[in-house]
Amino acid sequence: GGGSFRIWDLGSTNGTFVNGEQLSPFRARRLYDGDEIRLSQFKLMVTATRHTLWQRPDSPAFTAPGSE
């Protein structure tokens, strides 16, 4: 949806991990606020400024866009 970001592993040698879970090659995964991405020895934290578009749908604080 609008305002969301996704990540793919394009067949890398060491894999791509989100929150410790290895991604399947060539399959998109949506990113959420607070997700940790690991690429080789590098770790990146996803931080969103428009949190309502980035909160996990199962989060108790989730508010669907447009329902405020």
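The exercises below, each with a worked solution, concern a predicted model of one protein chain.

Residues are numbered from 1 along each chain as its sequence is written. Because the model is predicted, local features need pLDDT of at least 70 and side-chain atom pairs count only at pLDDT 80 or more, while totals for chains, interfaces and linings use all residues, and side-chain values use heavy atoms, with hydrogens and water left out.

**Exercise 1.** State which elements of secondary structure the protein chain contains.

*Solution.* Begin with the definition: helices (H or I, at least four residues) and strands (E, at least two) are DSSP runs, numbered from the N terminus. On this basis the protein chain has zero helices and six strands, so that its elements, read from the N terminus on, run β-β-β-β-β-β.

**Exercise 2.** Work out the order of the strands in the open sheet, and find its edges.

*Solution.* Two strands pair if DSSP finds at least two bridges between them. The open sheet has four strands in the order E3-E2-E5-E6, with antiparallel pairing. Its edge strands are E3 (21-22) and E6 (42-45), each of which pairs on one side only. Next, follow the pairs: E2 and strand E5 (residues 36-39) are joined over three bridges, and Phe-17 stands opposite Arg-38 in E5. Four bridges then join E5 to E6, where Glu-36 stands opposite Met-45. Finally, the hairpin of E5 and E6 has two residues between the strands, and Ser-40 takes a positive phi near 55° in this hairpin.

**Exercise 3.** Decide whether Leu-10 and Arg-6 are buried, partly exposed or exposed.

*Solution.* Leu-10 lies in the loop between strand E1 (5-7) and strand E2 (16-18), and it counts as exposed because its relative accessibility is 65%. Arg-6 is found in strand E1, and its relative accessibility of 42% makes it partly exposed. The C-alpha atoms of Arg-6 and Arg-29, although 23 residues apart along the chain, are separated by 5.3 Å.

Key:
Buried means under 20% relative accessible area, exposed over 50%, partly exposed in between (1.4 Å probe, protein chains only).
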